[in-house]
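Please read the report below with the sequence and the model open side by side. It is arranged by topic.

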Amino acid sequence: MNTPLFPISPLLPQIQQHLAAQSRLVLEAPPGAGKTTQVPLALLDAPWLQGRRIILLEPRRVAARSAALFMARQLGEEVGGTVGYRIRFENKVSARTRIEVVTEGILTRMLQDDPMLETVGAILFDEFHERHLSGDLGLALALDVQAQLRDDLRLVVMSATLDGERLARFLDAPRLSSEGRSHPVAISHFPARRDEALELQVRRAVQQALAEHPGDVLVFLPGQREIARVQAGLQESLHGDVEVLALHGELPVEQQARVLQVVSDGRRRVVLATNVAESSVTLPGVRVVIDSGQAREPRYDPNSGFTRLDVVAIAQASADQRAGRAGRVAEGVAWRLWPQSQRLEPQRRAEIDQVELAGLALELAAWGSSDLRFLDPPPSGPMAAARELLQRLGALSDSGAITALGRRVLALGTHPRMAAMLLAAPDARSQALAADLAALLDARDPLRQGGDALAARWRALAAFRTGRAPADANRSGLAAIDAAAKQWRRRLRCDAAPPTSIEAHELGDLLAHTFPDRIGFQHPSDPLRYLLANGRSARLHELSDLRGEPWLVASELRFEARDALLLRAAPVDESALRRTWPQRFVTEDTVRWDGERRALVALRETRFDRIVLDSRSAGRVDPQHAAQALTEAVAELGLASLPWTEGLRQWQARVESLRRWMPELGLPDCSDAALLANRAHWLQPAFAGKTRLDALDESSFGEALKSPLEWAQRQLVERHAPTRISVPSGLERAITYGLDSETGEPQPPVLAVKLQELFGLADTPRIADGRVALTLHLLSPGGRPLQVTQDLRNFWENTYAEVKKEMKGRYPRHPWPDDPWTATATHRAKPRGT
């Protein structure tokens with residue numbers, strides 16, 4: 001084997017020694033260190049591996065192919081021999097393969113299909129700092145396998161930029177760090193001109209960089225659309241001796257390989273890349289980086305009900321990685337296209353906190369347990385909403401177990417909403433129509449002035465196929481939708497051609513399987529308003545094409561303060577709803593909260609899901625139904641309607657703070673959002689036997705609030721986030737906790753104490769097992785703040801003398817010693833006459 005020298009090479013013996021002695025390791029190494037390709041090869045002959053395979057997880061297809069090719073060449077082999085890769089729709093492995101590079105979805109399927117992983121000895125998680133949902137899930141599943149079935153399975157988490165200390169604590173694993181291979185990079189900002197579009201700013205920066213600096217230019221852009229526009233502009237304006245290349249995950253393999261190869265003809269290159277070039281692949285010859293400061297990241301879009309790729313500002317860690325790409329071969333420069341005054345978030349946020357979680361909830365149901373260890377646990381509110389959606393889709397039972405349909409949904413490998421519709425099509429013609437719908441839902445609106453009827457988009461697609469696209473249609477958009485529909489038909493093994501005409505309700509009848517929560521019934525007294533199956537309401541605009549339809553299903557909504565606005569919908573046939581979901585049409589006696597009367601009322605209701613079709617009085621309120629009704633009243637009125645005390649709010653802040661500071665404690669989510677989402681579990685039992693909201697007293701509410709925590713967990717809260725702390729004066733003083741009102745992140749805990757009570761104390765008191773320093777509000781004898789600090793030692797050494805000089809005359813009866821280190825702490829004034 002030809003083994004080139006990499007910055008990580010000196011560390012490889014330590015990696016081998018650690019993994020010989022224990023089963024987990026955290027490895028930090030910057031881009032270019034060689035961790036992706038050299039660590040797997042170094043472990044191939046480890047005795048503990050016993051000839052089994054190494055799985056290397058790569059978050060991107062480009063990186064998976066590139067890493068496998070590099071390792072295979074280093075061994076003098078072709079890909080598919082000792083080293084192979086598996087990505088979606090592409091498999092290059094054989095019976096000889098010992099190192100298998102896979103993408104995140106492939107690893108999840110491997111674990112779900114064969115939890116024992118008997119032929120696997122190690123799983124290496126590369127680029128874990130990107131914090132993709134699939135990567136977090138893969139690690140959680142692997143940890144469960146290691147704990148329950150395979151204590152000999154090695155897990156290595158590798159990253160270029162990562163909070164390694166936190167991850168090492170979470171994994172209870174040693175942490176190793178490697179140097180990178182880099183040269184100095186001069187970073188500067190290249191501001192946009194007034195009203196200058198990003199594409200024009202990039203073009204100007206590239207032209208100037210080529211004129212002023214040697215080497216190739218790497219440009220980071222958010223996505224394919226921006227790359228295509230910039231590429232077209234540069235090809236028109238640059239000389240023929242400069243080659244402009246694109247690099248993103250959707251490129252054919254040959255084009256990706258061409259970008260990654262060393263150029264021998266002397267031509268300079270401009271590579272326009274997405275964030276795939278941040279750390280996953282090596283680009284030779286780059287001396288200049290031009291960074292837009294943007295990336296397309298998954299974000300939950302409540303309007304569509306799906307996770308979409310949105311253009312967002314990158315984190316500072318990503319900006320530093322991008323800049324470092326200019327210094328891989330020699331000194332380089334990095335130009336940032338955002339103002340120097342703009343501040344970026346320090347690290348990329350975990351995807352699990354920003355996307356819709358139906359897919360995750362279904363994976364956990366298939367695994368048979370949701371009690372997995374996640375580095376950042378799934379937020380309970382979105383998880384509860386995800387499980388509720390899956391139950392409506394028929395993928396989960398009422399008890400939360402995965403159904404036969406749920407397993408088919410999982411096997412289809414797309415969002416559960418989309419899969420439910422594709423699997424509901426009863427025949428080949430309906431499958432072809434469902435494929436059209438799936439493509440339409442996943443695309444930008446192809447009509448410039450199409451109104452709110454989804455049928456208009458489908459008719460435009462059908463017309464495009466016959467060469468008669470509407471005048472207001474985007475032909476390239478329709479072509480992309482047509483191509484996507486063909487892909488869906490191939491995946492479904494559907495040989496039928498798409499229909500050329502459809503009945504009025506056909507789209508809606510299929511779409512109802514995608515959005516069972518957005519089926520709407522026309523309000524009896526307001527024809528533009530619709531009551532939705534999820535309990536919300538929506539309205540049509542005045543000129544809607546759908547006006548007068550008794551039943552609709554919405555594919556896109558714009559959520560507003562009161563009612564959502566229906567942006568896109570299709571009519572649905574009530575008889576089809578009754579045939580498909582007879583169990584969702586019910587008549588029963590119920591108790592509800594009447595907001596106007598602020599009281600409970602007993603009703604006999606006929607409903608479809610949460611849509612009340614008919615309601616009549618049913619006499620007196622049954623106390624057995626009151627608890628649930630009062631709990632739902634809190635959902636309507638908000639948690640503020642409950643008897644909170646300052647102490648209970650402080651308890652909530654303590655728990656939420658500890659969840660961030662010490663995630664290994666496994667404390668449940670007690671944020672306002674989680675409490676509302678899980679109200680039936682902790683609040684409803686407290687309303688038992690009560691028929692009024694104000695019958696719940698502070699004591700009963702407090703016990704209910706704390707009920708999600710077991711006794712041992714409550715003791716941990718008291719130990720690691722105490723309400724009071726002893727100070728050198730001998731007294732106990734209160735610690736005040738707080739949460740950011742927007743993000744819910746913990747604020748620094750505050751200890752307000754008179755300065756004289758801390759004499760003799762050298763270091764700032766800490767809580768949470770010493771991980772969090774208290775913010776000291778040092779008070780005057782009169783209780784006024786003198787100083788705010790988290791560094792008490794520095795205060796005594798550098799600031800105390802000035803404070804003493806100013807305060808001694810104002811408070812002469814209180815001690816102001818020259819040496820606070822040896823003075824006796826006190827909360828009292830000096831005796832008179834002293």
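## Basis of the model

This is a predicted model, in which local features need pLDDT of at least 70 and side-chain atom pairs count only at pLDDT 80 or more, while totals for chains, interfaces and linings use all residues. Residues are numbered from 1 along each chain as its sequence is written, and side-chain values use heavy atoms, with hydrogens and water left out.

## Helix 8

Helices (H or I, at least four residues) and strands (E, at least two) are DSSP runs numbered from the N terminus, and the expected span of a helix is 1.5 Å times one less than its number of residues. Helix 8 (residues 224–237) has 14 residues and should therefore span 20 Å, which agrees with the 20 Å between its end C-alpha atoms. Within helix 8, the residues E226, I227, V230, Q231, G233 and L234 are buried, where buried means under 20% relative accessible area, exposed over 50% and partly exposed in between, with a 1.4 Å probe and protein chains only.

## Aromatic pairs and charges over rings

The whole structure contains 13 aromatic pairs; rings of Phe, Tyr and Trp (its six-membered ring) pair if their centres lie within 6.5 Å, and planes under 30 degrees apart count as stacked, over 60 as edge-to-face and the rest as tilted. The pair of F521 and W551 is tilted, because the ring centres are 4.9 Å apart and the planes stand at 50°. This pair links distant parts of the chain, with F521 in strand 17 (residues 519–523) and W551 in strand 20 (residues 551–558), 30 residues apart. W551 has 2% relative accessibility and so counts as buried. The rings of F759 and Y800 have centres 6.4 Å apart and planes at 85°, so this pair is edge-to-face. F759 lies in the loop between strand 27 (746–754) and strand 28 (766–767), and Y800 in helix 26 (residues 792–807), 41 residues apart; both F759 and Y800 are buried.

One aromatic cluster is formed by F521, W551, F585 and F608. Over the ring of F585 sits the charged end of R578, 4.0 Å from the ring centre, and R649 lies over the face of W644 at 3.6 Å from the ring centre. A charge sits over a ring if NZ of Lys or CZ of Arg is within 6 Å of the ring centre and within 35 degrees of the ring normal.

## Salt bridges

There are 54 salt bridges in the structure, each a side-chain nitrogen of Lys or Arg within 4 Å of a carboxyl oxygen of Asp or Glu. One of them joins the side chains of R568 and D445 (3.3 Å, N to O). Because R568 lies in strand 21 (residues 564–571) and D445 in the loop between helix 15 (428–441) and helix 16 (454–465), the pair ties together parts 123 residues apart in sequence. R568 is buried, with a relative accessible area of 15%, whereas D445 is partly exposed, with 34%.

A salt bridge also forms between E656 and R659 (3.2 Å, N to O). Both residues lie in helix 21 (residues 646–661), three residues apart, about one turn of the helix, and E656 and R659 are both buried. Elsewhere, salt bridges that share partners join E388, R392, R584, D609 and R610 into one network. R584 counts as buried at 10% relative accessibility, and D609 counts as buried at 18%.
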